[in-house]
Amino acid sequence: MTVRPLGTPPTSSASTDLLQRYSRVRQRTAALCARLRPEDTVVQSMPDASPTKWHLAHTTWFFEKFILERDAGYRSSNPEWHFLFNSYYQSVGPMHARPHRGMLTRPALDEVWDYRARVDDAVAARIARDDDSMLATLIELGCQHEQQHQELLLTDIKHAFAQNPLEPAFAPNAPRALSMAAPALTYLPFDEGVVEVGHAGDGFHFDNEGPRHRTYRQAGSLANRPVTNAEFLAFIQDGGYRDPMLWLSDGWAVVQAEGWARPLYWDDALETEFTLHGRREIDPHAPVCHVSYFEADAFARWAGARLPAETEWETLAADIPVQGNLQDAGLFHPRASTFETSLGQMYGDVWEWTMSPYVSYPGFRPLDGALGEYNGKFMNGQWVLRGGSCATPADHVRATYRNFFPPHARWQFTGIRLGTDR
Ligand SMILES: [Fe+2]
């Protein structure tokens, strides 16, 4: 696979910026894939995960369907692929069943790279024409969408590699995080009062982040850092997975049905974990990850605390710059905190489960048309996570960003930050 410059040169500085933004995101995806062999890209290890090849094609389909096809004269080179690479947009046509994405040995990987190149050329030409007021908005949406799939690509290939007895390493030479003692767990208090949450201003945001609105925040506190592996190990050794009194009813049912006794990727001896670097010793100081909402909630109950509400998380994160162990750091694994007193690791390392169900904000309006299916229709049965992970691009996450997953999901880089009432 080679990365090549995109075709037609743009005509204005705004267009140049847009093409550069598009090109950077597409090339980042390609750079992640450069670590893989063709065979790696076809496997689907479970219905929730998708093959790398599918991610590559689906993100390309997104640009084709929602940008290039706005032009009545545009003709897709492979219209029959739209059925394969539509994910869940019912209003634009039927789609291949998600659990069967791993059955698609064709189109072959090189054909998918060619597809990406054709669409890249067409998008570059579209940007050069500079005659569509919606173009910049839609391309940014497509870039943010592709960044979401970069994270999924990483978590999905990690899950696929974990099924292989050879335990391949995605990034065998990635720099190792320095193991340092995590600071003592402390709770930072906040007052009650009317607060504002939700996105404001002109910057990019998904529809589910708005509108900005007032709400009431009860007094409480938020932990200075995420829960560590050592703390989660204490929960396990104290019988946390065997005490039904700690668990929500549905969570206890999953523990019984799936035999959960430790985070995903930990070994039976609770000494090593599978990572994107291969199997490694568990760092006791690093944030625990690959736990479900059910496990986060049970841990919090065991610890005499609770999970934070998303309002609490957002108002406390609002003034903290987005920096930390994000995808750009190239570690691809959570690392121990270096913060001593203030709120640390709010961004990066692990997505933090909140106690907030994923529902619409007051006055929420989904995007018009088919793109209204992007977020709004998933607002039931899922929980909000905040802050991004070691697999999230740094220019993709922000204080108002609302990620969401079902409560049993744990193949994402998901962890725990505690809060308390006051
Ligand atoms: Fe998607």
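Glu196 sits at 43% relative accessibility and so counts as partly exposed (buried is under 20% relative accessible area, exposed over 50%, partly exposed in between, with a 1.4 Å probe and protein chains only). Its side chain meets that of Arg212 in a salt bridge, 3.0 Å from N to O (the rule asks for a side-chain nitrogen of Lys or Arg within 4 Å of a carboxyl oxygen of Asp or Glu). Arg212 is partly exposed too, at 38%. Glu196 lies in strand 2 (residues 193-197) and Arg212 in the loop between strand 2 and strand 3 (213-217), so the bridge ties together parts 16 residues apart in sequence. Strands here are DSSP runs of E with at least two residues, helices are runs of H or I with at least four, and both are numbered from the N terminus.

A word on the model before going on. It is a predicted one, in which local features need pLDDT of at least 70 and side-chain atom pairs count only at pLDDT 80 or more, while totals for chains, interfaces and linings use all residues. Residues are numbered from 1 along each chain as its sequence is written, and side-chain values use heavy atoms, with hydrogens and water left out.

Back to the charges: the structure holds 26 salt bridges. One of them joins Arg26 and Asp120, with the closest N and O atoms 2.8 Å apart. That pair links distant parts of the chain, since Arg26 is in helix 1 (residues 13-33) and Asp120 in helix 4, 94 residues apart. Arg26 is buried at 4% relative accessible area, and Asp120 is buried at 10%. Both belong to a salt-bridge network that also takes in Arg116 and Glu146. Elsewhere, Arg225 pairs with Glu231 at 2.7 Å between the closest N and O atoms; Arg225 is buried, at 4%.

Now for the greasy part. A nonpolar core is a set of buried Ala, Val, Leu, Ile, Met, Phe, Trp, Tyr and Cys residues joined through side-chain atoms within 4.5 Å. The largest has 82 residues, with Ile139, Phe232, Phe235 and Ile416 making the most contacts inside it. Helix 4 (residues 109-129) supplies the largest share, 8 residues. Domain 1 and domain 2 both contribute residues, so this core lies between them. Beyond its neighbours within four places in sequence, Phe235 touches Gly240, Tyr241, Leu246, Trp247, Ala298, Phe299 and Trp302. A second, separate core of 18 residues includes Leu36, Tyr265, Cys289 and Phe413.

As for the cysteines, the structure holds 0 disulfides (sulfur pairs within 2.5 Å). The nearest cysteine sulfur to Cys33, that of Cys143, is 16 Å away, and Cys33 is buried at 7% relative accessible area. For Cys289, buried at 2%, the closest cysteine sulfur is that of Cys390 at 6.6 Å, too far for a bond.

Notes:
Domains from an automatic or database assignment. Contact = heavy atoms within 4.5 Å.
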